[in-house]
Every structure is written in structure tokens, then in C-alpha cells.
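Please look over the sequence and the structure below before reading on. The paragraphs that follow lead through them one part at a time.

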Amino acid sequence: MEYNDMRGSIVTTLVTVVSLLGAIQEVKSHKDQPLSRIAIHKTRFHLNVQAYVKASPSVLGSNGQHSEFVMVEYSSPKPTHDDWIGVFSPADFNASTCPGDNKMVETPRICSAPIKFQYANFSNPRYSNTGIGSLKLHLINQRSDFSFALFSGGLLNPKLVAISNKVAFENPNAPVYPRLALGKEWDEMTVTWTSGYGLNLAEPVVEWSIIGGEPKLSPAGTLTFGRNSMCGAPARTVGWRDPGYIHTAFLKELWPNSKYTYRVGHRLSNGEFIWSKEYQFKSSPFPGQNSLQQVVIFGDMGKAEVDGSNEYNDFQRASINTTKQLIKDLKKTDAVFHIGDICYANGYLSQWDQFIAQIEPIASTVPYMISRFCPFGFLSFEQSFSAFLITNGNHERDWPNSGSFYQGLDSGGECGVPAETMFYVPSQNRAKFWYSSDYGMFRFCVADTEHDWRVGTEQYNFIEQCLSSVDRKHQPWLIFIAHRVLGYSSTSFYAEEGSFGEPMGRDSLQKLWQKYKVDIAVYGHAHNYERTCPVYQSVCMSHEKSNYKGPLNGTIHVVAGGGGAGLAEFSVLQPSWSLVRDFDYGFVKLTALDQSNLLFEYKKSSDGRVHDSFTISRDYRDILACAVDSCPATTLAS
């Protein structure tokens, strides 16, 4: 190469790298948390003796339930169309000072955002004329009491007009919302739940047994975190809410593919127990075991309120539909992978409780695996135990100078702490949330895209080790999972960058996918559905679309980011490797029929029906067969 050509090549490379790094650092949150629209810190007190708010019943959960509807009735002598009702917990939400307040600021103050809100004229079309209205609002047990406040002035200039009586669950400390996860070993299941019982009040335990067997007790570790564990606002300010205590127990030496019962609870100092209701789960099959195995994968779901509150532009209403469809299909589901962007709390911590309550019917029955990360130093331990199970999303992790690969504001100051504490992940290091998971005939290699994955990094080495160490004779179905699209996507924001995927993503990893014959790679982040042909280096290695037989000679890349958050447009250009695109909400289901046949299905959240599918049929010898860059050069040469 001539000197001038070489210099030009180097300059071009440097410009490209600088451009990519600039793009990474310019990532910004798209402000999709409904509570962020409320300027609660600007509230002025305009209490009016002629106005009122009344809530009933005042005691909830008397029959042991952990969610209930409350009737809220209200009246204002000066009603307007932008009056609204805020739900606050704890009930005493005003204070003389707030964290970070200027001492010269007028008091009293409201230091915390509501946990939910609704406009006063919602289902009350005559409210603006009569000043009288009512709302039926849904509450979940969140370890404290509630009150309801009537505001005028809209969301940006709120004026507090009236406050209700207090409402509380009979036992606000009760153990609630159990969520299962696969352990580090195939014969282990973890159970995580939330309560108001610290170790000074009670000892957390799980009672469990194989169906018909003798019950046994397993102890649990306890975690919590404080306001100072958050990295910035709003998580440290108006979005802060005490997370309570999160407990995790490890149920070990389980028989493969067997049904177990369990309940979570606490042993009080007087020896009495407080128990949840009883749940069931099925243990994992032995790695390589030839049985029917069904796994659901999706990303970017978020949460929504069943009473219609907290919504604007119906941004996350589809998450309710996704949840309902997963519950309907629960008897035909063995595990769930939620690949990042979990609940979009974005610094409003009360929303984590709302999310785990929403998914409880699923997560309490089958392992609910997530992707995420948190540095070790951020957590406050009451009792140390093994790490948590999660896949990393930008809306859980990203915050400037917090160790994330991207420097955006998407986490709202959470910088990963709530997500990692709420869920368990079988990673080897608490600060590095990449992991492998074996489920029968499946091997899942889960990457953490909020940390560097490029050649030479620790995560790159992990990915290669995960892909290379699987016994394909017994675990033929090799699946790669990540939040951001490290492979292929024709979503408009990727197409505009010119990368059709995360910059530097497949440049670093595609030779690994090809060398170790990854069958399917699944991503979130782009809020839509897209499936490619078996592709390598942007070239389709097969033109088959629905029935693949023998070697794939490439990897099928799937974007499954339509779990419930607002949809993302596709580029006008549809590249040749893009076979199917759907601008709608849905999830993916993989069914290992046996060691030679895999069924892939994409189901829409609206109706639960299959809208795209394909099958892979092959023998072990097909995995051994050489394809481009999949075998040593000497083998190809011979």
C-alpha cells in the first residue's frame, strides 16, 4: 500500500471511530415516564375548605389479597378541565424540607411524585361543570399507607386543593410478588420476593417440596438500598421511594422436570410465621434432556395501570396485552427471558412495585429471566448472598460516569440498582451481568450490551467461552441474547446511522456467531418485530423462509422489542436480509420439539395468534458441517 493511501485509510478509520463514539455519548432519554410530566416540586398549597376527597374502603386486603380497587370521590368549588387526582404513598407526602432544597425555598413542600395519577374528568364528563366526580383506582400493597390529593393547575403548575383520608392494607409488610429465576446450576431454582420485614423484625424463609413430598424450609438473604445509592435525579429526588426489603432463597438439588410447591414468608421473633399463598413451579430438565421445552423471549415491555391511570399517548398500554397473553399461554411455557428495558421506571421507584405486581402470575410460576447490571458498591446489604439474574437495558443502567458503556440519561438516575436488586441473575460477578443458562436442549448466551463487548474485552471472552463450551450433540439449540441489536435491524434510527444495527456490534461478534454456529440471536431495544434470513456479513446464506433443513450456514437474527413500549418505525429501505417486519406488539416463542426439530413462533400481543413462524430440522452431523469461517482454514483447504 502507498503511504498516501495508508494515511488516508488511517484518517478514515479515525473519523469513523470518533463518529461512533460521539453517537454513543449523545444517547438521551426519550422522556417516556408519565410521572416525569408532573412538576410536583412546583406545587403551591391552595387548600379549600369547600373541596374534599374521600376514599373507601379505608382498610384493604382483609381477605389476604395484595391488590384492590378503591373508590375515590371528590368535589371542587372551582373545577377546571385539567384538575387531577394524585395517589401518594406514604400518605403523609408533604414536608418542611426536601433533599437538595435551597433553604430560602418557601415551605411546606411536596418532596415526592405521586405513584400514579388520573385527570378528575376521566369517566366524569360533567366534572368541569358540576365540580363533582369519582374514580375507581387500583392499588397494590407497597408497604405503606395511601392518600389521594386533588390538584388544579394541571401537571406543570399544580395547586393542592384537598387531601383525602388515609387508606392502608391490613398487613403492609406482607411477603408479596414472588419471582422465580434459574440458578447457576441446572438443578437449582431461586425465589425472590418483596416485603416490609427487615431482619430486625423477622427471618425470611421459603417452605417448599416436590408434589406429595415432605416440606422443607430454606433461608433467604435480604437486600435493600437507600437514596444515596441512586446516581442522580429523579431517582434521588422526587422519584425516590423506599424499596422495602428484597429476599432471595436458593432451592437446590431439584429433580429434573418435576413439579414443586412453595410459599414465601417470615418467621417472627415470637416463632409465628407470616406466609404468602402457595405457588407451584416445574424444575428444569437435565441439560440435553430430550423433552418438550418452550421458552418465551421479548424486550422493552414496560408496565401499565389496569385502571387506565398514568397514561398519555397510550405509550405502554400494550404491556397489559402482552402480560395477559403470557398468562393465557402459561401452561405451555417453561421459562421467560425479558431482554432489557423492563418497566421504564426511569427514576420513579414506585413503578418497580407496580411492575412486579403486574408480572406476578407469570414470574411466580416460571423462571423470569432479565438482563441488567449494577456495580457492587451501590448495594446496601443486610446479609450477603449470591448475585442477581438479569439482561441489561439502557433504561435500567445508563447514566453518565457510572461505568456504563453508553453515557445517556435513560435510567433516570437509577444506574441499575433497583433492577439488579429486584431480580436474580446467575452471573459470576455482581458487576458484570453477562451469563449463560442451560435449559434442557437449549444453551442461552446472554450478553450485557451496556458494557463493552468488543474484541479483547472480558465480555467478548465470556461470549466465546459460552458459545464454544456447549455440547451440541445434546444441547443442539444455541441462542444468543442481548438488549441492543448487535446484529441486524432496519429500524429507522439504525438505518439513519447507516449501521443497520448497533455500531461496532456485529463487526466484533459475527465471526463468533458463525464459527460456533449460533442458530438464533434475539434482541430488544428497537420496538418492533423483524426476522432475517440466516445471514453472515450481510449476505443471506439461505433463501429458504420457513422450513430450514440441514446446516443454516448463518445465524437468524430476530428483533423482539415489541413487548409493550411505544413502537419504533422501520426504515423505508428493507435490506435483502430482512425477511419479515411487523410494526406491532408481540413476543417470540421457541419450542424444542426434540434434538432435531425446533419451532420458532412470533405471536402478537393483541390476539395471541402466530403471525410468523419457521422450523429448523437437522441432525448432529449438520452442526459439524463446515460453512464459511465456521471451520479451521486447514479443513476447508483440504
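In helix α4, the residues Ser350, Gln351, Trp352, Asp353, Gln354, Phe355, Ile356, Ala357 and Gln358 are buried. This helix, which runs over residues 350–358, is therefore described as mostly covered, since 9 of its 9 residues are buried, and buried here means under 20% relative accessible area. The model in which this is seen is a predicted one.

With that helix in mind, the reader can turn to the protein as a whole, whose secondary structure comes to 12 helices and 36 strands. Of the 638 residues in the protein, 59% are buried. When contacts between residues at least 6 apart in sequence are considered, 74% of them join residues at least 24 apart.

Two packed helices are described by the angle between their axes and the distance between the axes. For helix α8, which covers residues 458–468, and α10, the axes come within 10 Å and cross at roughly 10°. Because angles under 35 degrees count as roughly parallel, α8 is roughly parallel to α10. On the side of α8 the contact is made by Tyr460, Ile463, Glu464 and Leu467, while α10 brings Ser508, Leu509, Leu512, Trp513 and Lys515 to the contact. Sorted by kind, the residues of this contact between α8 and α10 divide into 6 nonpolar, 1 polar and 2 charged.

Rolling a probe the size of a water molecule over the atoms shows where empty space is left. A search of the whole structure finds 4 cavities of 30 Å³ or more, and the largest cavity has a volume of about 160 Å³. The lining of the largest cavity is formed by 17 residues, of which Lys517, Pro551, Leu552, Asn553 and Gly554 are the closest to its centre. The elements that give two or more residues to this lining are α10, at residues 505–515, and α11, at residues 620–624. In the lining of the largest cavity, 7 residues are nonpolar, 5 are polar and 5 are charged.

Is Ser578 buried or exposed? Ser578 has its place in strand β33, which spans residues 578–582. Ser578 has a relative accessible area of 6%, and because buried means under 20%, Ser578 counts as buried. Leaving aside its neighbours within four places in sequence, Ser578 is in contact with Ser490, Glu530 and Arg531.

Note on methods. Residues numbered from 1 in each chain as written. Predicted model: local features only at pLDDT ≥ 70, side-chain atom pairs only at ≥ 80, totals over all residues. Heavy atoms only, no water. 1 Å grid on protein atoms, 1.4 Å probe; cavity = no way out; pocket = protein on both sides within 12 Å on 5 of 7 lines; lining within 4 Å. Points joined across faces, edges and corners; volume = space filled by probe spheres on them. Helix = DSSP H or I, 4+ residues; strand = E, 2+ residues; numbered from the N terminus. Nonpolar A, V, L, I, M, F, W, Y, C, P; charged D, E, K, R; others polar. Buried < 20%, exposed > 50% of the residue type's maximum accessible area, 1.4 Å probe, protein only. Contact = heavy atoms within 4.5 Å. Axes fitted to C-alpha atoms, helices over the stretch in contact; angles between N-to-C directions. Parallel < 35°, antiparallel > 145°, perpendicular 65-115°, else oblique.
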